[in-house]
Amino acid sequence: MKHLFIINPVAGGTNKTEPVSRLIRSAMEKRPGETYEIYVTKGPMDACAAIRERALDGEEMRVYACGGDGTLNECVNGAAGLPNVALSHYPMGTGNDFCRIFGADAVRFESFEELLEGEERKVDLISCNGRYSINICSVGIDARIGTDVHKYSHLPLISGRRAYIFSTLVNFIKGIASPLRVKLGDTVFEGEFCLICACNGRYYGGGFNPVPDAQPDDGQLDFLIVRKVPRITFARLIGKYKNGRYKELPADIVTYHRGPSLLVESREKMVINIDGELMEDTVADFKVVPSALRFFFPRGSRW
């Protein structure tokens, strides 16, 4: 087996390439005879290309996405569907939301020794307009908030959770609803919606947990559709949404659906959140891709 460590030098706002490389070399020194490479990304989607290039020989390979949720997403798109590639996450970003699904064991992802000895399971992915997501996709105000975070995280005194709060305030002022057409099987909803999320994982946006029961390996996606409400009502409800208490919200405001797909259409281009990464289109076609990725994690931990 060979090991490919993908480092995003801009993850988390600080270049940690050298200290992380030292940790990798130290961990690999204890595994003589095993081949490894440290690859530092040069731009968007570079990680995807690097994985596919190195997987061509068919040799068994483990990939370590060293960065934030965006780095993990790039590596997911590189590894998806490749039978000889397994992937994990070494969290270095702002949110690191997918790892949160492991609860108290999430901190164990910060150890290369733990990951090198990790076990693996196949997980589902979300396909949206030709791009894969391992965690959560969304459209609406939450998508704008999540994808705008990077605009503000480099400002003085604004980083980490403060960037999410600042992005929330800015987008709240801009407006919380958009006219959309939503198709669930043979059922169609039309009107103005605050947000729509498709969940394979459980956490996004720096800790929002909309559907606590979502499972990344059950062959289904969990969808929440939130209709337009006044700003003051939205402000009161967002706490319940954040903490996975959607069942307490009125049925005429929130619709929950569990299934393989959901289609969202807009007259104008809308912001689509793909694991925190920005996509813009007039259509968001969310579909589950069962058992599409081999994911490895610290031995004994569970989601």
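Modeller: The turns below go through the cavity, the strands and the helix contact. This is a predicted model, in which local features need pLDDT of at least 70 and side-chain atom pairs count only at pLDDT 80 or more, while totals for chains, interfaces and linings use all residues. Residues are numbered from 1 along each chain as its sequence is written, and side-chain values use heavy atoms, with hydrogens and water left out.

Colleague: How many cavities of 30 Å³ or more does the structure hold?

Modeller: A cavity is a set of points, on a 1 Å grid over the protein atoms alone, where a 1.4 Å probe fits but cannot get out; lining residues have an atom within 4 Å of a point. Points are joined across faces, edges and corners, and the volume is the space filled by probe spheres set on them. The structure holds one such cavity of 30 Å³ or more, and the volume of the largest cavity is about 70 Å³.

Colleague: Which residues line the largest cavity?

Modeller: The lining consists of Leu195, Val226, Phe234, Leu237, Ile238, Tyr241, Leu249, Ile253 and Val254. Helices (H or I, at least four residues) and strands (E, at least two) are DSSP runs, numbered from the N terminus. Helix α7 (residues 231–242) gives the largest share of this lining, four residues. Ala, Val, Leu, Ile, Met, Phe, Trp, Tyr, Cys and Pro count as nonpolar, Asp, Glu, Lys and Arg as charged, and the others, Gly among them, as polar. On that scheme the lining has nine nonpolar, no polar and no charged residues.

Colleague: Which strands pair with β12?

Modeller: Two strands pair if DSSP finds at least two bridges between them. Strand β7 (residues 136–140) runs antiparallel to β12 (residues 261–274), with three bridges, and valine 139 has isoleucine 272 as its bridge partner in β12. Strand β8 (residues 178–184) also pairs with β12 in the antiparallel sense, over three bridges; here valine 182 is partnered by valine 264. Ten bridges join β12 to antiparallel strand β13 (residues 277–297). In the hairpin of β12 and β13, two residues lie between the strands, and aspartate 275 takes a positive phi near 55°.

Colleague: At what angle do the axes of α2 and α3 cross?

Modeller: Axes are lines fitted to C-alpha atoms, for helices over the stretch in contact, with angles from 0 to 180 degrees between N-to-C directions. Helix α2 (residues 46–54) and helix α3 (residues 69–79) have axes that come within 7 Å and cross at roughly 35°.

Note on methods:
1 Å grid on protein atoms, 1.4 Å probe; cavity = no way out; pocket = protein on both sides within 12 Å on 5 of 7 lines; lining within 4 Å.
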